[in-house]
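The following exercises are to be worked with the sequence and the three-dimensional model at hand. Each task is followed by its solution in steps.

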Amino acid sequence: MRHNKKFNHLGRTASHRSAMLSNMATSLIMHKRITTTLAKAKALKKYVEPLITKAKEDTTNSRRVVFSYLQNKYAITELFQVVSEKVGDRPGGYTRIIKTGFRANDNAPMCFIELVDFDENMAKTEKKAKRTRRSSKKAADAPVAEAPVAEASAAETVEEAPATEAAPEAAAE
């Protein structure tokens with residue numbers, strides 16, 4: 001019977017699967033985004049999110065526990081110093097899977113998995129949208145406030161214009 005055996009074996013032995021997930025988790029932590037198949041990304045999400053939760057508490061024991069999964073001291077340093085600082089207030093959901101289509105040779109569903117707080121493109125679009133809304137509100141208020149100033153400067157320009165026109169006439173005579 002297969003009770004409580006729900007995780008995807010990914011067509012690999014246990015040792016191969018654990019080594020692959022460890023390597024993928026290290027790459028995800030170091031590069032913040034990796035491209036892989038959908039099945040591997042889903043397995044990686046279940047593998048790496050508890051490690052990120054463990055990294056929120058920077059103790060010797062939590063470092064040792066995470067090191068037993070990743071086996072890469074540079075990834076551990078990156079995880080505990082950089083990643084844990086960004087996800088410190090987030091209650092979970094540290095990764096995002098975005099489907100990208102199908103691989104050309106075997107039609108496998110492809111996607112990229114990324115750390116949510118490190119996605120610059122999404123952060124830029126959100127910030128741009130907020131800026132656009134704010135600037136449009138300010139732009140609507142700004143012409144009302146600037147209109148008297150613009151009229152005054154236009155009046156000054158009109159007063160200066162005849163003086164400049166008179167000067168060329170005097171030079172022509």
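**Conventions and overall fold**

Of the 173 residues of the chain, 27% count as buried, where buried means under 20% relative accessible area, exposed over 50%, and partly exposed in between (1.4 Å probe, protein chains only). The model is predicted, so that local features need pLDDT of at least 70 and side-chain atom pairs pLDDT 80 or more, while totals for chains, interfaces and linings use all residues. Residues are numbered from 1 along each chain as its sequence is written, and side-chain values use heavy atoms, with hydrogens and water left out.

**Exercise 1.** Describe the secondary structure and the contacts of the chain.

Step 1. Helices (H or I, at least four residues) and strands (E, at least two) are taken as DSSP runs, numbered from the N terminus. The chain has five helices and three strands.

Step 2. Read from the N terminus, the order of elements is α-β-α-α-α-β-β-α.

Step 3. A contact means heavy atoms within 4.5 Å. Among contacts with a separation of 6 or more, 56% are made by residues 24 or more positions apart.

**Exercise 2.** Determine the extent of the largest nonpolar core and the elements that build it.

Step 1. A nonpolar core is a set of buried Ala, Val, Leu, Ile, Met, Phe, Trp, Tyr and Cys residues joined through side-chain atoms within 4.5 Å. The largest one has 30 residues, and those with the most contacts inside it are L44, I52, L70, L79 and V83.

Step 2. At least two residues of this core come from each of α1, α2, α3 (60–70), α4 (73–86) and β3 (109–115). The largest share, nine residues, belongs to α2.

Step 3. For L79, leaving out residues up to four places away in sequence, the partners are I29, L51, I52, A55, V66, L70 and S84.

**Exercise 3.** Are S22 and K86 buried or partly exposed?

Step 1. S22 belongs to helix α1. Because its relative accessible area is 7%, S22 is buried. Beyond its neighbours within four places in sequence, S22 is in contact with Y47, Y69 and L70.

Step 2. K86 belongs to helix α4. Because its relative accessible area is 44%, K86 is partly exposed.

Step 3. Not counting residues up to four places away in sequence, K86 touches D117 and F118. The C-alpha atoms of K86 and K56 are separated by 9.7 Å, the two residues being 30 residues apart along the chain.
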